[in-house]
Amino acid sequence: MYPLLFRAVLSRFDPEFAHHAGMAVIRVLGTPPFSWVTRAATRPDPSLQVEALGLTFPSPFGVAAGFDKNAVGVRGLAALGFGHVEVGTVTAIPQEGNPKPRLFRLVADRAVINRMGFNNAGADAAARRLARLRRGAPDTIIGVNIGKSRVVEVENATADYVASATRLAPLADYLAVNVSSPNTPGLRGLQAVETLAPLLRAVREASGATPLLVKIAPDLPDEEITAIARMAVDEGLAGIIAHNTTISRDGLLTDAAEVEKLGAGGLSGAPLKQRSLEVLRLVREVVPAEFCVIAVGGVETPADVQERISAGATLVQGYTAFLYRGPFWGREINRGLVTPGTDRA
């Protein structure tokens with residue numbers, strides 16, 4: 001049913017408009033009595049529980065950052081069966097992001113290009129919403145992804161991240177430092193170990209007891225990925241999120257001229273599947289078994305999630321396939337993990 005709806009209706013709308021319309025529905029599904037019915041149909045099997053970051057996740061599969069930038073759809077996403085929701089990216093200073101259009105579908109590739117630019121209402125607004133969520137949905141596991149405010153110079157990035165961490169860490173189950181989006185000028189330069197280590201040290205101190213993770217880019221050379229992983233362990237981080245979107249356009253089915261016309265931005269979705277596995281294995285090889293590794297990139301089916309877990313992922317996140325597989329994607333993943341071989345094409 002959903003694939004037909006997508007092809008006939010949703011694909012005709014501007015992707016960002018369609019996302020906001022979908023989020024409005026998700027928000028409704030997170031409110032009683034709709035949430036009672038939704039949860040009854042999507043609740044993960046107890047056998048899927050995962051212990052990580054000092055928490056019990058109801059499922060290893062959650063929603064990656066970028067889907068719910070302002071923490072407005074957390075209850076609905078949890079009701080749809082996702083084991084956790086990572087909100088953001090949140091910046092200390094509110095910002096509108098890059099000019100529109102800034103989100104593009106590559107339907108033939110089951111992929112998306114975005115250059116959103118950390119559009120969000122800022123850390124104070126996110127903190128107010130998270131405080132309300134903690135009162136109304138205390139059992140939902142919420143990660144908060146923080147990034148650099150665009151108006152802040154790179155040399156002042158540490159203080160900017162610390163401001164966000166100070167405001168948001170007390171309300172988050174874990175905090176993720178995003179230094180890997182391709183859509184904020186200069187941001188990816190912070191991934192150099194000599195720059196990243198002192199930044200993470202300062203953010204970790206500001207985060208207190210809240211577990212801290214760092215999110216890396218898939219475009220880094222393999223040796224830099226392993227260097228960051230080792231550094232994260234040495235600095236006492238709780239984990240790594242591997243990985244963000246890519247600036248690569250290799251291997252796409254969509255016509256190259258059409259892709260070029262869309263312009264800059266991070267690519268996500270099915271084309272990242274192989275690199276995602278490579279990065280995951282690189283990280284897992286050099287970190288302790290108890291170190292949390294969250295795998296992101298190219299995840300579509302229960303088999304994809306199981307493959308990541310078998311390769312060493314503690315948890316798995318998805319985003320882009322939600323667009324192509326519909327609102328019950330989380331339920332599909334969870335049921336397939338319990339009963340292998342139930343993937344739907």
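Q: Under what relative accessible area does a residue count as buried?

A: Buried means under 20% relative accessible area, exposed means over 50%, and partly exposed lies in between. The model shown here is predicted. In this model Asn 98 has a relative accessibility of 13%, so Asn 98 counts as buried.

Q: Where does Asn 98 lie, and which residues does Asn 98 touch beyond those up to four places away in sequence?

A: Asn 98 sits in the loop between strand S4 (85–91) and strand S5 (103–106). Residues up to four places away in sequence being left out, Asn 98 touches Arg 115, Met 116, Gly 117, Arg 150 and Asn 183.

Q: Is Phe 104 buried or exposed, and in which strand is its place?

A: Phe 104 belongs to strand S5. Its relative accessibility is 12%, and therefore Phe 104 counts as buried. When neighbours within four places in sequence are set aside, the contacts of Phe 104 are Pro 15, Ala 111, Val 112, Ile 113, Arg 115 and Leu 262.

Q: How many residues apart in sequence are Phe 104 and Glu 16, and what is their C-alpha to C-alpha separation in space?

A: Phe 104 and Glu 16 are 88 residues apart in sequence, and their C-alpha atoms are 8.3 Å apart in space.

Q: What is the general idea behind a salt bridge, and how many does a search of the whole structure find?

A: Side chains of opposite charge can pair when their charged atoms come close. In this structure, a search of the whole model finds 12 salt bridges.

Q: Which residue forms a salt bridge with Asp 124?

A: Asp 124 pairs with Arg 167, the closest N and O atoms being 2.8 Å apart. This pair also links distant parts of the chain, with Asp 124 in helix H5 and Arg 167 in helix H6 (residues 157–168), 43 residues apart. Asp 124 has 42% relative accessibility and therefore counts as partly exposed. Arg 167 is likewise partly exposed, because its relative accessible area is 34%.

Q: Which parts of the chain does the pair Arg 188 and Asp 219 tie together?

A: The side chains of Arg 188 and Asp 219 meet in a salt bridge with an N to O distance of 2.6 Å. Arg 188 is in the loop between strand S8 (174–178) and helix H7 (193–207), and Asp 219 is in the loop between strand S9 (212–216) and helix H8 (222–234), so the pair ties together parts that are 31 residues apart in sequence. Asp 219 is partly exposed, with a relative accessible area of 33%.

Q: What backbone geometry do most residues and peptide bonds have, and which residues here have a positive phi although they are not glycines?

A: Most residues other than glycine have a negative phi, and most peptide bonds are trans. Leu 53, which is not a glycine, has a positive phi of about 55 degrees. Leu 53 lies in the loop between strand S1 (50–52) and strand S2 (55–57), and is buried at a relative accessible area of 17%. Arg 110, also not a glycine, has a positive phi of about 50 degrees. Arg 110 lies in the loop between S5 and strand S6 (111–114), and is partly exposed, with a relative accessible area of 38%.

Q: Which residues are joined by cis peptide bonds?

A: Gly 88 and Thr 89 are joined by a cis peptide bond with omega of about 15 degrees, and Thr 89 is in strand S4. Ala 242 and His 243 are also joined by a cis peptide bond, with omega of about 25 degrees. His 243 is in the loop between strand S10 (239–242) and helix H9 (256–262).

Q: Which residues gather in the patch of positive charge on the surface, and which helix gives the most to it?

A: The patch gathers Arg 75, Arg 128, Arg 132 and Arg 135. Helix H5 (residues 123–136) gives the most, with three residues. Arg 135 is found in helix H5 and is exposed, with a relative accessible area of 63%.

Methods: Residues are numbered from 1 along each chain as its sequence is written. This is a predicted model: local features need pLDDT of at least 70, side-chain atom pairs count only at pLDDT 80 or more; totals for chains, interfaces and linings use all residues. Side-chain values use heavy atoms; hydrogens and water are left out. Patches are made of residues with over 30% relative accessible area and no salt bridge: like charges are joined within 9 Å, nonpolar side chains (Val, Leu, Ile, Met, Phe, Trp, Tyr) within 5 Å. Accessible areas come from the Shrake-Rupley method with a 1.4 Å probe; for residues, only the protein chains shown count as cover. A salt bridge is a side-chain nitrogen of Lys or Arg within 4 Å of a carboxyl oxygen of Asp or Glu. Lys and Arg count as positive and Asp and Glu as negative; His and the chain ends are not counted. The place of a charge is taken as NZ of Lys, CZ of Arg, CG of Asp or CD of Glu. Helices (H or I, at least four residues) and strands (E, at least two) are DSSP runs, numbered from the N terminus. Buried means under 20% relative accessible area, exposed over 50%, partly exposed in between (1.4 Å probe, protein chains only). Contact means heavy atoms within 4.5 Å.
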